[in-house]
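Please read it beside the coordinates.

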Amino acid sequence: MTEAALTAAGVDSYLSKEAKQQPQWPDAAALRRTTDRLTQVPPLVFAGEADRLREQLAAASRGEAFVLQGGDCAEIFAEATADRIRNKIKTILQMAVILTYGASTPVVKIGRMAGQYAKPRSADTETIGGVTLPVYRGDIVNSSAFTPESRIPNPERLLDAYHVSASTLNLIRAFTQGGFADLRRVHQWNKGFSANPAYAKYEQFAKEIDRAVRFMAAAGGDFDALKTVELFSSHEALLLDYERALTRIDSRSGLPYDCSAHFLWIGERTRQLDGAHVEFLSKVHNPLAVKLGPTATSGDAIALAERLNPDNIAGRLTFVARMGAGKVRDALPSIVEGVRDAGLAVTWLTDPMHGNTYTSESGYKTRNFDTILDEVTGFFEVHEALGTVPGGLHVELTGDDVTEVIGGTEKIDDEGLARRYETKVDPRLNHQQSLEMAFLVADLLKK
Ligand code: PEP
Ligand code: MN
């Protein structure tokens with residue numbers, strides 16, 4: 001009955017379109033058993049929560065809120081431990097306090113968490129030491145270990161992804177509702193950061209925030225908003241078998257929602273207008289994002305908005321610009337201008353990571369902290385010049401002390417990358433670099 005209602009709501013129309021970046025499952029019957037099972041499990045998120053996020057994203061499109069979306073490039077099942085999840089949440093909350101102060105508006109907090117398991121890849125195979133194997137496509141598909149067996153797509157992993165997402169979300173809900181996220185406590189952590197002599201340049205800023213927090217407390221501000229926060233989940237909706245299996249009809253509205261996460265995005269490699277990803281996501285009512293790289297045109301953006309947000313509902317559609325620091329000032333203005341002139345309600349985020357990846361001399365896939373900041377600066381300049389709203393920041397980060405991105409006050413250099421390079425796909429800002437980025441972006445927001 002429910003499945004029939006979903007089909008009637010159009011969520012299977014994507015099956016007749018080309019879906020890029022899907023694995024070659026070796027056993028269709030095994031895949032079917034798993035997806036059938038996933039259609040029966042409880043939803044990970046609820047439609048009402050996704051609606052609330054849509055309203056907050058709408059506020060960000062008007063400059064009444066600022067979005068912080070962050071987390072791993074690829075989550076790893078084995079790393080979904082309490083410590084690592086807590087560190088990541090802590091990092092996002094710490095950044096959010098700094099940005100709230102800088103923007104003087106609420107910060108909408110979204111994790112690339114609890115479902116970021118499927119990765120688009122630029123090639124189907126990789127060769128190491130003369131051996132060629134299928135690429136790693138994320139823990140939801142295969143394993144990153146470089147052996148023939150690990151690289152075979154295994155549909156059992158879809159169920160694992162569901163369960164690990166559920167336990168991650170459980171921790172997110174516990175940490176954000178249970179006192180851990182209290183503003184005063186998060187602010188204390190930030191004071192520790194700026195007290196470190198290496199970060200002394202942020203001390204003045206931290207002191208200002210301190211005064212503001214103390215003022216609120218003195219004025220009797222002991223309200224719930226200080227004690228709990230909302231942290232939404234998001235991932236790239238890449239693996240359509242999984243996304244479709246977790247789609248449910250909302251009992252209140254009768255409309256389909258993809259209940260694998262609150263917020264879903266379409267990647268740069270799968271945003272074809274006539275492709276299966278755009279078709280599928282056009283049918284679900286979650287807030288959505290689309291990544292736009294340097295080859296995107298204003299025509300592409302307008303056509304995507306017409307397909308994904310035909311009623312022009314604010315908060316429904318976010319564009320995440322990932323142009324590269326060297327291109328953002330040239331490539332982005334005409335797109336933002338076209339969208340503006342077409343009267344489209346869109347929330348603009350900057351992803352300063354994906355256009356700035358390169359291979360270091362020491363052989364690591366890396367990014368440079370200054371280049372990342374330069375793209376964010378360029379994004380703000382473009383919006384300033386056009387009178388449009390820079391709505392938020394989308395970054396790859398971890399709460400751990402890894403060495404994957406070059407630079408920052410700790411001056412991680414080419415050789416330093418080897419010290420603790422852990423990512424299976426793209427390089428992430430570490431804990432300190434994330435806080436530093438938040439201070440620098442808050443500074444841009446204050447201007
Ligand atoms: C990503 O966000 O990890 C990613 C692959 O991004 P993009 O689609 O922008 O390349
Ligand atoms: Mn990435």
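The points below take the barrel, then the helix pairs, then the ligand shell.

1. This is a predicted model, in which local features need pLDDT of at least 70, side-chain atom pairs count only at pLDDT 80 or more, and totals for chains, interfaces and linings use all residues. Residues are numbered from 1 along each chain as its sequence is written, while chains are lettered from A and ligands numbered from 1 in the order in which they are written.

2. Eight strands close into a parallel barrel, in the order 1-2-5-8-9-10-11-14. From one strand to the next the twist averages 25°. Helices (H or I, at least four residues) and strands (E, at least two) are DSSP runs, numbered from the N terminus; two strands pair if DSSP finds at least two bridges between them.

3. Six bridges join strand 1 (residues 66–71) to strand 2 (residues 107–112) in the parallel sense. Within this pair, Leu 68 stands opposite Lys 109 of strand 2. Helix 4 (residues 82–103) packs on the sheet and touches strand 1, strand 2 and strand 5 (231–236), with its direction at about 160° to that of strand 1. Contact here and below requires C-beta atoms, placed from the backbone, within 7 Å. Axes are lines fitted to C-alpha atoms, for helices over the stretch in contact, and angles run from 0 to 180 degrees between N-to-C directions.

4. Helix 6 (residues 183–195) packs against helix 7 (residues 203–218) at about 160°, the axes being 10 Å apart. The two are therefore roughly antiparallel; the term applies to angles over 145 degrees, and roughly parallel to those under 35. On the helix 6 side the contact includes Leu 183, His 187 and Lys 191, and on the helix 7 side Ala 206, Ile 209 and Val 213 are among the partners. By class, the contact residues are five nonpolar, three polar and four charged. Nonpolar means Ala, Val, Leu, Ile, Met, Phe, Trp, Tyr, Cys and Pro, charged means Asp, Glu, Lys and Arg, and the others, Gly among them, are polar.

5. Between helix 13 (residues 369–386) and helix 14 (residues 431–446) the angle is about 25° and the axes are 11 Å apart, which makes the pair roughly parallel. Phe 369, Leu 373, Val 376, Thr 377 and Phe 380 in helix 13 meet Gln 433, Met 437, Leu 440, Val 441 and Leu 444 in helix 14. This contact has eight nonpolar residues, two polar and no charged.

6. Helix 2 (residues 28–38) and helix 5 (residues 156–177) also pack at about 25°, with axes 8 Å apart. They are therefore roughly parallel. Their contact holds four nonpolar, two polar and two charged residues.

7. Which residues surround ligand 1? They are Cys 73, Pro 120, Glu 236, Gly 267, Glu 268, Arg 269, Lys 291, Arg 322, His 354 and Asp 426, counted as near if the C-beta atom, placed from the backbone, lies within 6 Å. Six of them are charged, two nonpolar and two polar.

Conventions. Parallel < 35°, antiparallel > 145°, perpendicular 65-115°, else oblique. Contact = placed C-beta atoms within 7 Å.
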